[in-house]
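Dear colleague,

Please find the structure below, together with its sequence. My notes on it follow, and I would be grateful if you read them with the model open beside you.

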Amino acid sequence: LNYSPIQVAADKPVKLDFFVNNKPDNRPILDLEYNHEKLMHVIGLRDDMNEFFHVHPTLTTPGHFELEYAFKQAGKYKLWSEVKQAGAVHTVGHKAITVSGETNYKKNVAFNTLTIPRGTSYAVTMNYAPPLGKNRDVEIAFDIHDAQGNEVKLEPYLGTDMHLAIIKEDWTEFIHAHPIAVNRTVYRFPIVNEALANGAGSHPATTGSALHGIVFSANFPSAGVYKAFAQFRPQGTALPPDEAIVGEFWFRVEETVPWKVPGGWWGHLIGSLILIALLSWGVNRYLSPKKT
């Protein structure tokens, strides 16, 4: 990534030039493939995790993707570029850019599962089965409703109903995901009780649990605090092309997730079977003739 002018200021256009090339001879890569309607996706985020953007540079000369962009607020920004070649998606994290100007912000972390995106009246709810642990597949679902409580119908945004970017607060992890299920309920039948992320109690082990809405699958490489950015376009929106509404959520990923003792009759059954097996083994060992 090269940019000019070198001194970047808030609300002033800057030219971003992404050169996709092979090392060490700097040969431009010419066989990139479209990924969700674009040859390149660029996602940026300020260090307070509040100023988020998702843009698409244009291929101008072999290997060079360019974009004129004006950072709306001052601060320190991290950019990630994403391209696809031979069926594989490659993501590159670039050196942070400092944008000059008046700064008066701090990182505010709030672990809420419902948010109202800035400038809208839409309610976006995030649901998953906590606790989240590193290196474990997890499903995360999003429901969207209007001010009257009606479920919001979506129109395609870059070829899908929603894009999800998940970024760790220290910028060391970046996940860009797309739905595995849209506008339907995904049922899972665990043998342990699961607390609901929205604080509405827990699912008994015998009834399983359900994630309704737009469902994503994710896997977190490391523990820590993350922020999710769920991008969507309501049906019939007046937003410019390629722009979307963003629902933002904080959550924590644990280093280890303790095994839970099963509850309900499933738990009693499993516990009883284990005790019976241990007791049988002990009795058999005690009654068996000792070899001399």
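**Salt bridges across the chain**

At 27% relative accessibility, lysine 134 counts as partly exposed. Please keep in mind throughout that this is a predicted model. The side chain of lysine 134 meets that of glutamate 255 in a salt bridge, with 2.6 Å from N to O. Glutamate 255 is likewise partly exposed, its relative accessible area being 47%. The two partners sit in distant parts of the chain, 121 residues apart: lysine 134 is in the loop between β16 (132–133) and β17 (137–145), and glutamate 255 is in the loop between β26 and α1 (264–287).

Lysine 38 belongs to the loop between β6 (32–33) and β7 (41–46), whereas aspartate 242 belongs to the loop between β25 (224–234) and β26 (245–254); 204 residues separate them. Lysine 38 counts as partly exposed, at 22% relative accessibility, and aspartate 242 counts as partly exposed at 32%.

Another is formed by arginine 118 and glutamate 248, again with 2.9 Å from N to O. Arginine 118 lies in the loop between β14 (114–115) and β15 (123–127) and glutamate 248 lies in strand β26, so this pair ties together parts that are 130 residues apart in sequence. Arginine 118 is exposed, with 57% relative accessibility, while glutamate 248 is buried, with 19%. Salt bridges with shared partners also connect Glu51, Arg118, Lys227 and Glu248 into one network.

**A buried lysine without a salt bridge**

Which residue is buried yet has no salt bridge? It is lysine 78, and the nearest side chain of opposite charge, that of aspartate 170, is 9.9 Å away. A salt bridge requires the nitrogen and the carboxyl oxygen to be within 4 Å. Lysine 78 is part of strand β11 (residues 75–85). A polar atom of the lysine 78 side chain does, however, lie 2.9 Å from the backbone oxygen of histidine 94. Beyond residues up to four places away in sequence, lysine 78 touches Ile43, Gly44, Leu45, Gly93, His94 and Trp171.

**An enclosed strand and its hairpin**

Strand β19 (residues 163–168) has six of its six residues buried, so it is largely enclosed by the rest of the structure. Both of its faces are covered: on one side His163, Ala165 and Ile167 are buried, and on the other Leu164, Ile166 and Lys168 are buried.

β19 runs antiparallel to β25, and six bridges join the two strands; here lysine 168 stands opposite tyrosine 226. β19 also pairs with strand β20 (residues 174–177) in the antiparallel sense, over four bridges, and isoleucine 166 stands opposite isoleucine 175 there. β19 and β20 form a hairpin with five residues between them. Is tryptophan 171 buried or exposed? At 15% relative accessibility, tryptophan 171 counts as buried.

Strands of a sheet pair through backbone hydrogen bonds, either parallel or antiparallel. Four strands of this model form an open sheet with antiparallel pairing, in the order β1-β3-β10-β9. Its edge strands, each pairing on one side only, are β1 (2–4) and β9 (58–61). On average, neighbouring strands of the sheet are turned by 30° against each other, direction ignored. Within it, seven bridges join β3 (residues 13–19) to β10 (residues 64–70), and valine 14 stands opposite tyrosine 69.

**Backbone details to look up**

- Serine 4 and proline 5 are joined by a cis peptide bond, with omega about 0°; proline 5 is in the loop between β1 and β2 (8–9).
- Lysine 23 and proline 24 are also joined by a cis peptide bond, with omega about 5°; proline 24 is in the loop between β4 (21–22) and β5 (27–28).
- Asparagine 135 has a positive phi, near 60°, and lies in the loop between β16 and β17.

Yours sincerely

Methods: Residues are numbered from 1 along each chain as its sequence is written. This is a predicted model: local features need pLDDT of at least 70, side-chain atom pairs count only at pLDDT 80 or more; totals for chains, interfaces and linings use all residues. Side-chain values use heavy atoms; hydrogens and water are left out. Two strands pair if DSSP finds at least two bridges between them. Axes are lines fitted to C-alpha atoms, for helices over the stretch in contact, and angles run from 0 to 180 degrees between N-to-C directions. Buried means under 20% relative accessible area, exposed over 50%, partly exposed in between (1.4 Å probe, protein chains only). Lys and Arg count as positive and Asp and Glu as negative; His and the chain ends are not counted. A polar contact is a pair of N or O atoms within 3.5 Å; within protein, one must be able to donate a hydrogen and the other to accept it, and residues adjacent in sequence count only if both atoms are side-chain atoms. Contact means heavy atoms within 4.5 Å.
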